[in-house]
Amino acid sequence: MVGITSYGAYVPLFRLSREAIAKGAKGEKAICNFDEDSITMAAAAAIDCLNGIDRNTVDGLYFASTTHPYKEKLGASTIAMAVDLKTDILTADFSHSLRAGTSAFNSALDAVKAGSAKKAMVTAADCRLAFPRSAFEPNFGDGAGALLIGDTDVVVSVEASYSVYNEIMDVWRHETDSFVRTWEDRFTLAHGYLQGVKEAISGLMKKFGYSPADFSKVVLYSPDGRRHVELAKSLGFDDKTQVQDPLFAVMGNTGAAFPLMLLVAALEEAKAGDRILLASYGDGSDAFVFQVTEQIEKIRNRRGMKGHLASKKVVTDYKDYLAWRGILPAEPRKETVVFLSAPAVWRERDANLRLRGVKCKACGTVQFPPQRVCTHCHAKDQFEPYRLSDKKAKVFTFAMDRITSPVLELPIVTTTIDFDGGGRMQCFMTDRDPEQVVCGLPVEMTFRKLQLKDGIQNYFWKSMPIRT
Amino acid sequence: MEGIRDRVAIVGMGCTQFGELWDKNHRDLLVDAAYEAFEDAGIEPKDIQMAWYGSRESGFTGAQLASALKLEYIPISRVENFCAGGTDTFRNACYGVASGVCDIALAIGAEKCKDHFGGFNMDILEPFDRSMTEWDGPPVNQFAQLATRYMYHYGWKYEDLKRIFAMIDVKNHHNGTMSPKAQFRREITVEQAMNAPIISYPLGLFDACGVSDGSAAAIVTTPEIAKSMRKDYILVKALALTNGGGQAVLQPEYDFIHFPEAVAAAQHAYKEAGITNPRQEIDCAEVHDCFAITELITYEDLGFSPRGKAAEDVEAGSFTLEGDLPVNTDGGLKCFGHPLSASGLRMIYEIYHQLQGKAGPRQLKKADVGLVHNIGGICGFFNCAVAIFGRPD
């Protein structure tokens, strides 16, 4: 039996109060910090999904996003490094459509069914830009969802799937566009979303002989937090009892990641035996029928949607959001980064992306970054790799300054941290409240972007107060 | 192993105005500092047989110095050891003389920091490389991390430790008013220093030194030759240099309340100079007060104050001009300014004049033995130079 064997999610710490965008607007939307992008969020969701799972058993990673940081350059490989997966695995990026998340999921299912992979991970993330003050802007949220697909210990079996495509200009971005464009919503909703998803769900129910009463939960992509209700009703579902809340009040529409994240939210509430219908949307629709198994109780220890949504900091200044997204230009700092060397970025990849230090085989001292000669016993080349990204740490000391770049976050908190189990590291702290930073503060590691120069984006790890 | 004690003498020194010298380039500074030193020593540029040139931000290779001074095909090495570069440049010139390969050598440091935006080249590469995952900031947050931990370790209240920092700042500002070549020459109050904007918590504006343009130079020779040149030459008693190997960031045992590089350099220097009780035997010191926390910790690292007790000596006024061990009599980095590789030589310039009795309104009653201390870098990778000087009589 092939199906979902684990799930994970990531919602950024920060929420923008919709009141900050438009007076009287209700609720909040999740927004990624200035040092996050779809790659970092997808990595965070994947790591959440792999809690308690041997990372060496994963043999496929598919990354889905409409907001890939690169036009040409694989993102799945960067994420696989951050997640510290082995290198002889399937990797691919799925993009260009809001349906990319479920497209990747379909492909992962097929890979496992075909035997090309035993455990394939799909991780989807989006941080789409709407025109400032447009109708889309309050709706778009940032986040990521991840699913692990396998054929043993299946948590959610896949009973059926059905897809349709729909060629239409309803939401789009040309290569030259930064912001999502659309047409009059009466047209786009009627002939895009409503028609596309309806065709997929009714096609699936007809083909496999389901009726609305067969489902305990219907998980629908929702463009605006309202139309999915209209859609559910028209298909014969009870919107009061069967329809998954699309979380518009607290998160917003997270694009290609949205259906995966909503599925995770539904699974967090599901019990063994529940049958769930999922339908994505984007130039057509992918619909799936899932059945929850007893295994689900074994993977409850994830931060998931609930944990991430409960941990938040509300941004009330719209200008902060605009600056973080680069819509408001920041004053350029002189002589900060002259260039990023591709050979150096490549050479340091295990340290910088996997956050692997070394442990001395002679004396046991953990050291970061990796060394040739042990700082403690001076043994030469007697090291084994040692993953630090999954270790908790405590702040040994710190500074908070106003002259170190980047200027998007003042003060910059620089920390020296000591890992539980050994190892010390100096790194920035992110997602922090300057008032709460003290010596001894427990922190965890989070994968973030650092510098962008000449089209090279480097990524590294930062400390952050443990999200609770 | 023979040490450097009494084997090298300073016979001339020069120092430019320090500050924001927008209208001078680094060659102008080299000329001004060197010619003052030539005049002081009573020699001509052609008498220089070897030279060492310290710079970090301004000018690569010995040819820069040769072209500024028109030195004719003599060996010149460029020295770079971050903020310890000036004293290290001097150290190399002394070793040249002591080795017997030359009789008269020039040590000179110069920087045009203010040609860089914000006064400091932000693009610090060491000890990392071009993957640029380290923060590309000035070292202030490194020293601020020591201040944070010092506060935590000894249980200081923020306001109380800031007051100690402010007393150090006030002392250095007071001394700076009497230094005509200093960048900042005005008195400040404890309240001003405590309430100044934060640069890097917990360090404020007045807890940080100036970033400056400037140059300073020394002419060194053997004591035998020095005797024939002037009576008041100054003898080198010790030269020490240490470089951190990343221990502070690789080994969690490092406590962030002292500089192991400075402790080791001081021990080496005291041994070479035959000093057993630095607080009693040293009359004046120029220490690397890049930040107030650095000066505070340095009192302890150099053995001037017991570990953790430096603040008591600050409150007692021990390091003021009237105290028993005046420190940074010319205003220190704080007020004289800090053109990185010139600073060590500027400190030697002050000790040279104090020991000669030529320090003007800053002149100490007793100045027989003086110490210079420089430290620069980032945690784990500090480079520290300590030098000790005495009079021939």
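Among contacts in chain B between residues at least 6 apart in sequence, what percentage join residues at least 24 apart? It's 78%, where a contact means two residues whose C-beta atoms, placed from the backbone, lie within 7 Å.

Before you click around: this is a predicted model, in which local features need pLDDT of at least 70, side-chain atom pairs count only at pLDDT 80 or more, and totals for chains, interfaces and linings use all residues. Residues are numbered from 1 along each chain as its sequence is written, while chains are lettered from A and ligands numbered from 1 in the order in which they are written.

**Stop 1: chain B**

Select chain B and switch to cartoon. You're looking at 14 helices and 11 strands; these are DSSP runs (helices H or I, at least four residues; strands E, at least two), numbered from the N terminus. The radius of gyration of chain B is 19 Å, close to the 21 Å that the globule rule gives for 393 residues, so chain B is as compact as a globular protein of that length. That radius is taken over C-alpha atoms, and the rule is 2.2 Å times the number of residues to the power 0.38. Along its principal axes, the C-alpha trace spans about 55 × 50 × 40 Å.

**Stop 2: helix 11 of chain B**

Now pick residues 292–301 of chain B. Here 10 of the 10 residues are buried, so helix 11 is largely enclosed by the rest of the structure. Buried means 20 or more other C-beta atoms lie within 10 Å of a residue's own (exposed is 12 or fewer, partly exposed is in between), with C-beta atoms placed from the backbone. To see some of the cover, show helix 4 (140–153), helix 5 (158–176) and strand 10 (369–376) of chain B, which are among the elements over helix 11. Then find Gly303(B), which follows the helix and has a positive phi, near 80°.

**Stop 3: where the chains meet**

Show both chains. The contact takes 37 residues from chain A and 34 residues from chain B. On the chain A side, strand 18 gives the largest share, 6 residues.

Which way do strand 18 of chain A and strand 5 of chain B run, parallel or antiparallel? Select residues 198–201 of chain B to get strand 5: the two run antiparallel, joined by 2 bridges. Two strands pair if DSSP finds at least two bridges between them.
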